[in-house]
Amino acid sequence: MIRLVAAEWLKLRTLTSFWICAATALVLTPSAAAVSGLLAAVVLQTVIVVLAAVVPGAEYASGTIRTTFLATPRRIAVMTAKALVVAVVAAVLGAVCLMLAYAVVTPVDVRYGTVVGRWAVDIGYCVLVALFAFAVTLVVKHTASAVSLALSVVLLVRLVLMVVSMMFGADPSTAFWNL
């Protein structure tokens, strides 16, 4: 399993789209946080969905998934290794981007425990979004379709939760959908 994870990590880091997504997230998330916490969350989610869809989608598009399955016929082990790489990359990228965004948004007088607890929840959410986009890509086997479908679902869920919580009297400035 360790060799499969190492191979998947090597495949991911040699993709140009991985570095473009990472750089985009590192630049745009803190910039968007300066404008709005909601905008920063949407930017980070979008980049993570694209990144998670690119991992299996690139192999399906180029046909190299056949070579991967010839080298390792245990498909579940291969997909588990891919999912593990996606989850770790989403967690690390989310952690760094959120830390930068919190540095831009959070006032100095906020308690440390509040920020750390919220940071952990948001990282977990980034991992869930990445794994969802990964699963959608495995089902549709096409990167663009997977990105549009996963992003639509993720943003629609965020919108529905925002509307429902506001109907029950949540304060929009302190609600969970803001950074």
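**Reading a helix crossing and a core**

Tutor: In this predicted model, helix H1 and helix H5 cross with a right-handed sense. The contact is built from Leu4, Val5, Glu8, Trp9, Lys11 and Leu12 on the H1 side, and from Ala77, Val78, Ala81, Lys82, Leu84, Val85 and Val89 on the H5 side.

Student: At what angle do H1 and H5 pack, and how far apart are their axes?

Tutor: An angle between 35 and 65 degrees falls in the oblique class. Here H1, which covers residues 2–13, and H5, which covers residues 75–105, pack at about 55° with their axes 9 Å apart, and the pair is therefore oblique.

Student: Which residues touch the most other members of the largest nonpolar core?

Tutor: In soluble globular proteins, nonpolar side chains tend to be buried together. In this case the largest nonpolar core has 42 residues, and Leu44, Ile48, Val49 and Leu93 are those that touch the most other members. Each of H1, H2, H3, H4, H5, H6 and H7 supplies at least two residues of this core, with H5 giving the most, 14 residues.

Student: Which residues does Leu44 touch, leaving out those up to four places away in sequence?

Tutor: Leu44 touches Ala25, Thr29, Gly94, Cys97, Leu98 and Cys126. There is also a second, separate core of five residues, among them Ala33, Ala40, Val43 and Ala101.

Technical notes
Residues numbered from 1 in each chain as written. Predicted model: local features only at pLDDT ≥ 70, side-chain atom pairs only at ≥ 80, totals over all residues. Heavy atoms only, no water. Axes fitted to C-alpha atoms, helices over the stretch in contact; angles between N-to-C directions. Helix = DSSP H or I, 4+ residues; strand = E, 2+ residues; numbered from the N terminus. Parallel < 35°, antiparallel > 145°, perpendicular 65-115°, else oblique. Left-handed = near helix turned anticlockwise from the far one by under 90°. Contact = heavy atoms within 4.5 Å. Core = buried A, V, L, I, M, F, W, Y, C linked by side-chain atoms within 4.5 Å. Buried < 20%, exposed > 50% of the residue type's maximum accessible area, 1.4 Å probe, protein only.
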